[in-house]
Amino acid sequence: MAAKNRETLQPKINPNTNRTRLIAGNWKMNMNHLEAIQAVQKLHYLLRPADYGFAEICVIAPFVDLRSLQLLIDSDSMGFSLGAQNCYFESKGAFTGEISAPMLAKLGVRYVLVGHSERRTIFGEDDSIVAKKLKAVFESQMIPILCVGETEQEKQAGRSSEVLTRQVQIAIEAVPDELLKRIVIAYEPVWAIGTGLAATDVDASWGASHIRSVIRSLRSAAVSDSAHILYGGSVNAGNARSLIDSESVDGLLVGGASLDPEEFARIVQS
Ligand code: PGA
């Protein structure tokens, strides 16, 4: 019964791109497990079946929320996918305080953020750590959402395309084509994250198209045409429509605005 309900909540292929859309809410370090349950219940109440047909909707929650959300989503046959915000690249061992990819897979997690700019800047994750985490996520049959983006300083110095190229190139180096076809990459210009200064649809489409062309030149058109590319950075209900309609953009990674179920539902419905 649950499986049957779920099927009706599958996202439809966007005929313009031949890919599905994905809208993911990155809660960052917000929402304890009780708040998380309430938020997801409210979102479920606000969304209509057609919304799940427009895009796959994912909640990227703190580790401590995942088990509660897994049970809730399963027991009520909700149409959400579950995401985690980070993982360690080793699968087990003496790594106090870390969470491995296989542990997340056991919790029904489908997506894992890798290389979010807050991980890169606050926690010192460099491109080689990002590459190892990406590989670990794929090895556990989950899908990484690789986050890339230039800082304000890099943008001013005219280095945006060089930065994106480097971040993508190093991250995907060890990933075989068949897995790479499933990757999600979020173009998140650092200057747009949490600042209220969202990129324009022109910026978003430039970033997404550049990322796609990097994959094409490193691999093939078949791989780059299959990859999903999201835009993230100060997305809200007012700008979501034009950003998701930008060329090469397959969806949105929403931070602050995803914490309010009403605003997040408006983003999906916009
Ligand atoms: P924001 O965050 O929407 O609050 O700018 C986006 C992100 O960090 O993924």
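**Chat about a predicted model**

Colleague: Hi! Which loop holds lysine 28?

Modeller: Hello! Lysine 28 lies in the loop between β1, residues 22-26, and α2. Keep in mind as we go that this is a predicted model.

Colleague: Noted. What is the phi of lysine 28?

Modeller: Lysine 28 is not a glycine, yet its phi is positive, about 55°. Lys28 also turns up around the ligand, where it is listed among the closest residues.

Colleague: Ah, the ligand. How many residues surround it, and which are the closest?

Modeller: There are 13 residues around the ligand. Besides Lys28, the closest are His116, Glu188, Gly194 and Ser234.

Colleague: And how does that shell split by class?

Modeller: The shell around the ligand has 7 polar, 4 nonpolar and 2 charged residues.

Colleague: Which side chain has a polar atom by a ligand oxygen, and at what distance?

Modeller: That would be histidine 116: a polar atom of its side chain lies 2.7 Å from an oxygen atom of the ligand. The backbone takes part in such pairs too. A backbone N or O atom of glycine 255 lies 2.9 Å from a ligand oxygen atom, and for glycine 256 a backbone N or O atom lies 2.8 Å from an oxygen atom of the ligand.

Colleague: How much of the ligand does the protein bury?

Modeller: The protein buries 95% of the 280 Å² that the ligand exposes when taken alone.

Colleague: What lines the largest cavity?

Modeller: Its lining is made of Trp27, Ala39, Val40, Leu43, Val59, Ser258, Leu259, Pro261 and Phe264. Helix α2 (33-46) and helix α14 (261-269) each supply at least two of the lining residues, with α2 giving the most, 3 residues. By class, this lining has 8 nonpolar residues, 1 polar residue and no charged ones.

Colleague: And what about the second largest cavity, which residues line that one?

Modeller: Ile23, Phe54, Ala240, Arg241, Ile244, Leu252, Ile267, Val268 and Ser270 line the second largest cavity. Here α13 (240-244) and α14 each supply at least two residues, and the largest share, 3 residues, comes from α13. The classes in this lining are 7 nonpolar, 1 polar and 1 charged.

Colleague: I see Leu252 in there. Where does leucine 252 sit, and is it buried or exposed?

Modeller: Leucine 252 is in strand β8. Its relative accessible area is 0%, so leucine 252 counts as buried. As for spacing, leucine 252 and glutamate 262 are 10 residues apart in sequence and 16 Å apart in space, C-alpha to C-alpha.

Colleague: What about serine 248, where is that?

Modeller: Serine 248 is in the loop between α13 and β8, which covers 251-254. Serine 248 is buried because its relative accessible area is 15%, under the 20% cut-off.

Colleague: Which residue does the side chain of serine 248 contact?

Modeller: Arginine 212: a polar contact of 3.0 Å joins the two side chains.

Colleague: Last one: which residues of helix α4 are buried?

Modeller: In helix α4, residues 66-75, the buried ones are Leu66, Ser68, Leu69, Gln70, Leu72 and Ile73. After α4 comes serine 77, with a positive phi near 50°.

Methods
Residues are numbered from 1 along each chain as its sequence is written. This is a predicted model: local features need pLDDT of at least 70, side-chain atom pairs count only at pLDDT 80 or more; totals for chains, interfaces and linings use all residues. Side-chain values use heavy atoms; hydrogens and water are left out. On a 1 Å grid over the protein atoms alone, a cavity is a set of points where a 1.4 Å probe fits but cannot get out, and a pocket is an open set with protein on both sides within 12 Å along at least five of seven lines; lining residues have an atom within 4 Å of a point. Helices (H or I, at least four residues) and strands (E, at least two) are DSSP runs, numbered from the N terminus. Ala, Val, Leu, Ile, Met, Phe, Trp, Tyr, Cys and Pro count as nonpolar, Asp, Glu, Lys and Arg as charged, and the others, Gly among them, as polar. A residue is near a molecule or strand if one of its heavy atoms lies within 4 Å of it. A polar contact is a pair of N or O atoms within 3.5 Å; within protein, one must be able to donate a hydrogen and the other to accept it, and residues adjacent in sequence count only if both atoms are side-chain atoms. Accessible areas come from the Shrake-Rupley method with a 1.4 Å probe; for residues, only the protein chains shown count as cover. Buried means under 20% relative accessible area, exposed over 50%, partly exposed in between (1.4 Å probe, protein chains only).
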